[in-house]
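Here are some notes to read alongside the structure.

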Amino acid sequence: MNSRYYVALALVCVILSGCVLKPVTVSTRHFNLAPIPAGEPRPAAGAGAEHLSIGIGFVKMPSYLLHNSIAVRNGANEIEYLDDALWSERLDESFQQDLAANLAGLLPSDSIYLTDWGHSQVTVTVYISVQQFDVDVTGRGTLIAQWRITVPGSDVPLKSGRTRLERTGASPRGKPEVIAETMSDLAARFSRDLARSIRDATNSKDE
């Protein structure tokens with residue numbers, strides 16, 4: 001009787017230990033940048049803007065942003081990566097496509113070309129170099145980018161500048177969707193600023 005009792009007790013311990021030691025599976029989530037909602041009012045068209053077409057070149061980004069895992073800034077000199085939260089595509093490509101979708105809604109034109117276009121296809125070209133684009137552990141998002149607007153075949157910019165945008169949101173700890181929302185909002189604000197600069201540049205070119 002005692003031997004059977006100990007055998008049964010041993011089996012229970014094995015089963016329980018297996019349950020306790022069983023690794024917890026954490027599902028991986030994938031995120032992208034969301035464009036400005038289609039229902040947002042479109043600005044009034046300026047002179048000559050009806051025929052505006054835009055070419056957006058490769059978006060340059062620092063290498064720390066080109067990992068699949070989403071980056072979180074922890075202080076000035078440390079970057080953490082979330083193993084269970086990934087970008088659905090490279091962030092530089094996602095930013096370029098998001099910008100194109102936003103400009104198509106913000107400007108009176110849907111002729112937006114990415115990376116490769118013919119000389120006669122575009123009115124202006126836009127080149128962007130992102131220096132920082134992330135959210136820190138407290139929820140503060142930052143986008144710093146240099147940009148220039150040129151006409152095809154010319155290296156002399158019609159307009160250029162450096163944009164710095166910040167947004168304070170909830171802490172991303174355990175909520176990676178907060179990062180995607182904050183960065184989408186920053187990209188939307190950058191798109192609005194760039195759209196205004198494109199309108200100003202093309203209007204001054206036609207004067």
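1. Start with Thr163: its side chain makes a polar contact with the side chain of Trp147, at 3.0 Å. Keep in mind that this is a predicted model. The two residues sit 16 apart in sequence, and their C-alpha atoms are 8.0 Å apart in space.

2. Where is Thr163 found? Look in strand 8, which covers residues 159-168. Thr163 has a relative accessible area of 12%, under the 20% cut-off, so it counts as buried. Leaving out residues up to four places away in sequence, Thr163 touches Leu143, Ile144, Ala145, Trp147, Phe190 and Asp193.

3. Is Asp136 buried or exposed? The relative accessible area is 11%, so Asp136 is buried. Beyond its neighbours within four places in sequence, Asp136 is in contact with Val72, Arg73 and Pro172.

4. Now step back to the whole chain. There are 3 helices and 8 strands, and from the N terminus they run α-β-β-β-β-α-β-β-β-β-α. Of the 207 residues, 40% are buried. Among contacts with a separation of 6 or more, 69% are between residues 24 or more positions apart. The accessible surface comes to about 11700 Å², and carbon and sulfur atoms account for 53% of that.

5. Helix 2 is worth a quick check. Its 16 residues (91-106) should span 22 Å at 1.5 Å a residue, and the end C-alpha atoms are 22 Å apart, so the two agree. As background, an α-helix has 3.6 residues a turn, so residues three or four places apart point the same way.

6. On to the nonpolar core. The largest one has 47 residues, and those with the most contacts inside it are Phe95, Ile128, Val130, Phe133, Phe190, Leu194 and Ile198. Strand 2 (54-60), strand 3 (69-73), strand 4 (79-87), helix 2, strand 6, strand 7 (140-150) and helix 3 (177-206) each supply at least two of its residues. Which element gives the most to this core? That would be helix 3, with 11 residues. In general, nonpolar side chains in soluble globular proteins tend to be buried together.

7. Residues up to four places away aside, Phe95 touches Leu33, Val59, Met61, Ile128, Val130, Phe133, Leu143, Ala187 and Phe190. At a relative accessible area of 2%, Phe95 falls in the buried class.

8. Finally, the rings. How many aromatic pairs are there? The count is 2. Phe95 and Phe133 pair edge-to-face, 5.5 Å centre to centre with 75° between the planes. That pair links helix 2, which holds Phe95, to strand 6, which holds Phe133, across 38 residues. Phe133 is at 0% relative accessibility, so it counts as buried. Phe95 and Phe190 form a tilted pair, with centres 5.9 Å apart and planes at 45°. Here the link runs from helix 2 to helix 3, where Phe190 sits 95 residues from Phe95. Phe190 is buried too, with a relative accessible area of 1%. Together, the ring pairs join Phe95, Phe133 and Phe190 into a cluster.

Key:
Residues numbered from 1 in each chain as written. Predicted model: local features only at pLDDT ≥ 70, side-chain atom pairs only at ≥ 80, totals over all residues. Heavy atoms only, no water. Buried < 20%, exposed > 50% of the residue type's maximum accessible area, 1.4 Å probe, protein only. Contact = heavy atoms within 4.5 Å. Helix = DSSP H or I, 4+ residues; strand = E, 2+ residues; numbered from the N terminus. Polar contact = N/O pair within 3.5 Å; in protein donor to acceptor, adjacent residues only side chain to side chain. Areas by Shrake-Rupley, 256 points an atom, 1.4 Å probe, with all protein chains shown as cover. Expected span 1.5 Å × (residues − 1). Core = buried A, V, L, I, M, F, W, Y, C linked by side-chain atoms within 4.5 Å. Phe/Tyr/Trp six-rings, centres within 6.5 Å; stacked < 30°, edge-to-face > 60°.
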